[in-house]
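Good morning, colleagues. I would ask you to have the sequence and the structure in view as I speak.

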Amino acid sequence: MAVTEAAEGRALAVSSDPASPFAGGAVGEVLAVELKDLVFSFRGSPRVLDSFSMTVPAGRLVMVLGASGSGKTTLLKLIKGLLLPRSGEVRLFGSPVRRRGTRGRLSPDIAYIPQQLGLVRSRTTLENALMGALGRVPSWRGLLGLFPAATVRDARQALDTLGIGHKSAERVRSLSGGERQRVAIARALVQRPRILLADEFISQLDPATTMEIMQLVRGVANSGVTVVMTTHELDVVERFAEWVVVLRDGTKLLDCPASEVRTSELAAMMKP
Amino acid sequence: MKARLNVPLAVTLVLGAFLLVALNDVGLLDGARIQRGLDNAGIFFADMVPPDTSVLPEVSRALIETIQIAFAGTMVGFVVALPLALLASASLVPYWVTLPVKLLLAFVRTVPAILWAIVFVVMVGLGPAAGTLGVALYSVGYLGKIFYELFEGTDPEVMEAVRGVGCGRLQLARHAVLPEASNGIVSQLLFMFEYNVRASSIMGFVGAGGIGYYLLGYVQTLEYQSLLMAVLVTLAAVLVIDRASSFVRAALR
Ligand SMILES: Nc1ncnc2c1ncn2[C@@H]1O[C@H](COP(=O)(O)OP(=O)(O)O)[C@@H](O)[C@H]1O
Ligand SMILES: [Mg+2]
């Protein structure tokens with residue numbers, strides 16, 4: 001679970017998983033996320049996503065861009081399973097996400113960091129990080145708050161790696177924006193996800209902190225975790241994205257390697 | 001020119017007429033009666049002073065019982081209300097569970113504590129046990145509603161983030177809903193206790209324990225000086241508890 005600042009060129013996991021029936025990636029690539037013809041609308045509202053398809057190979061760092069209201073948050077929630085599509089399919093590592101109503105248990109394989117981070121403010125940094133393990137530890141332990149020693153060690157190590165270990169016992173309420181961001185990443189890492197989804201992840205940070213946090217996110221991606229994040233910050237896209245997807249009004253405007261598109265073009269596409 | 005209906009004036013006239021009829025029917029437009037009432041009030045107040053300190057021991061004991069009824073009733077109500085409120089929270093439990101629980105809480109809350117106390121006097125007999133159960137049941141209804149509204153108001157992003165780790169509903173309640181609501185829970189609990197101290201002080205009217213027994217008794221036996229003592233002691237206790245509780249609640253904010 002360690003965050004490694006490993007080499008830039010990561011080997012994409014070559015696995016023995018059977019090839020997906022509608023695989024879009026290159027031969028030998030495992031597809032972490034496959035979205036096929038997704039249609040979504042909130043009750044009584046026009047479509048938020050319309051025939052949206054996209055594939056993300058395992059280990060890639062994808063940034064989803066788009067004007068406010070273009071459907072980025074909705075897209076992440078569909079991948080996470082917090083929302084269910086009206087039609088179309090979400091596959092993660094080749095298997096379809098089971099539809100068990102919006103209240104059912106969600107897979108711990110996908111970590112989701114919402115825009116405001118969703119931390120429990122009255123709890124400490126360590127307690128929030130430990131929540132990442134709730135899907136994995138026995139229920140009685142979770143209910144009593146008695147996490148196994150190894151899990152606590154995991155959580156502490158994640159906090160240390162993220163440079164927030166010295167604030168383990170502080171309530172999240174009293175932390176700064178950048179510190180909270182680190183706690184949210186720690187919680188996600190303790191979850192040991194294969195996919196990390198992060199919404200408007202760095203929108204409220206100063207430039208220096210943004211760079212530090214993005215280095216950490218890149219480290220996570222380098223350790224083999226597939227990262228899909230939404231953002232507005234074009235300089236962040238320029239420096240850190242491997243792949244760029246641009247949304248407009250719920251349809252895909254662009255889906256290509258970050259190196260193939262100029263920042264000025266992106267800026268033009270993001271205008272509402 | 002067409003005359004237009006002046007709505008505010010019409011409403012005022014109708015309400016005014018109703019008020020006059022009501023005041024007349026309850027006997028408050030009877031000048032002689034009001035005069036008699038004022039005379040009696042004068043005599044009554046003159047008879048009350050000085051307060052009779054000799055009843056202080058029995059009144060104090062009854063006051064302590066009153067506070068015990070309020071405290072035990074509040075805590076028993078709390079312990080029952082908390083799980084019911086979780087079961088009534090739409091963000092945790094499906095509709096077909098929350099609806100009946102919400103209806104149950106609404107029903108329990110519609111009946112005042114003193115009426116529940118009468119029911120319990122019939123069931124468990126005269127005394128503070130009936131009062132405590134009455135207070136507890138009303139507290140279940142009130143706290144249950146306040147709590148489920150608090151729980152349903154949990155920041156949706158916190159719910160989504162914690163659900164996202166793959167935990168079940170109990171864990172979600174334990175780690176997201178309850179901690180987010182903890183200040184509100186304590187604050188409402190203190191408020192409920194304040195309220196219940198006042199409610200418990202009249203439980204004795206129906207034989208359900210506490211200082212109300214003496215308040216009513218002193219009125220019936222015309223011992224107005226003892227009555228004043230009991231009222232003063234009750235008032236002091238209520239004021240002290242209200243102050244302490246609002247202090248703590250302010251500190252929580
Ligand atoms: N709960 C909701 N009910 C109805 N419409 C919603 C809801 N949430 C979002 N929307 C609408 O869906 C569209 C896409 O929203 P969203 O996915 O949040 O966009 P983005 O994250 O790109 O800003 C917007 O038009 C928004 O108004
Ligand atoms: Mg959004």
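Where in chain B is B:Pro50 found? Before I answer, please note that what you see is a predicted model. B:Pro50 sits in the loop that joins helix H2 (31-48) to H3 of chain B. As a general rule, most peptide bonds are trans.

Let us follow the chain into helix H3 of chain B, residues 56-87. This helix packs against helix H10 of chain B, residues 224-252, at an angle of about 35°, and the two axes are 10 Å apart. The crossing of H3(B) past H10(B) is right-handed. Which residues of H3(B) meet H10(B)? They are B:Leu56, B:Val59, B:Leu63 and B:Ile67. On the side of H10(B), the partners are B:Met229, B:Ala230, B:Val233, B:Thr234, B:Ala237 and B:Ile241. Sorted by class, this contact between H3(B) and H10(B) comprises 9 nonpolar residues, 1 polar residue and no charged residues.

I turn now to chain A and to ligand 1. The residues surrounding ligand 1 include A:Phe42, A:Val48 and A:Ala67, together with A:Ser68, A:Gly69, A:Ser70, A:Gly71, A:Lys72, A:Thr73 and A:Thr74. By class, this shell holds 3 nonpolar, 6 polar and 1 charged residues. Helix H1 of chain A, residues 72-80, supplies the largest share of the shell, with 3 residues.

For A:Thr74, an N or O atom in the side chain is 2.6 Å from an oxygen atom of ligand 1. A:Ser70 also takes part, with a backbone N or O atom 3.2 Å from a ligand oxygen. Ligand 1 taken alone exposes 560 Å², and the protein buries 56% of that area.

Finally, I draw your attention to two backbone angles in chain A. A:Ser51, in strand E2 (residues 47-57) of chain A, has a phi near 40°, which is positive although the residue is not glycine. A:Leu117 is placed in the loop between strand E6 (110-113) and helix H2 (125-130) of chain A. Its phi is near 80°, again a positive value in a residue other than glycine. In general, most residues other than glycine have a negative phi.

Thank you for your attention.

Methods: Residues numbered from 1 in each chain as written. Chains lettered and ligands numbered in written order. Predicted model: local features only at pLDDT ≥ 70, side-chain atom pairs only at ≥ 80, totals over all residues. Heavy atoms only, no water. Axes fitted to C-alpha atoms, helices over the stretch in contact; angles between N-to-C directions. Helix = DSSP H or I, 4+ residues; strand = E, 2+ residues; numbered from the N terminus. Left-handed = near helix turned anticlockwise from the far one by under 90°. Contact = heavy atoms within 4.5 Å. Nonpolar A, V, L, I, M, F, W, Y, C, P; charged D, E, K, R; others polar. Near = heavy atom within 4 Å. Polar contact = N/O pair within 3.5 Å; in protein donor to acceptor, adjacent residues only side chain to side chain. Areas by Shrake-Rupley, 256 points an atom, 1.4 Å probe, with all protein chains shown as cover.
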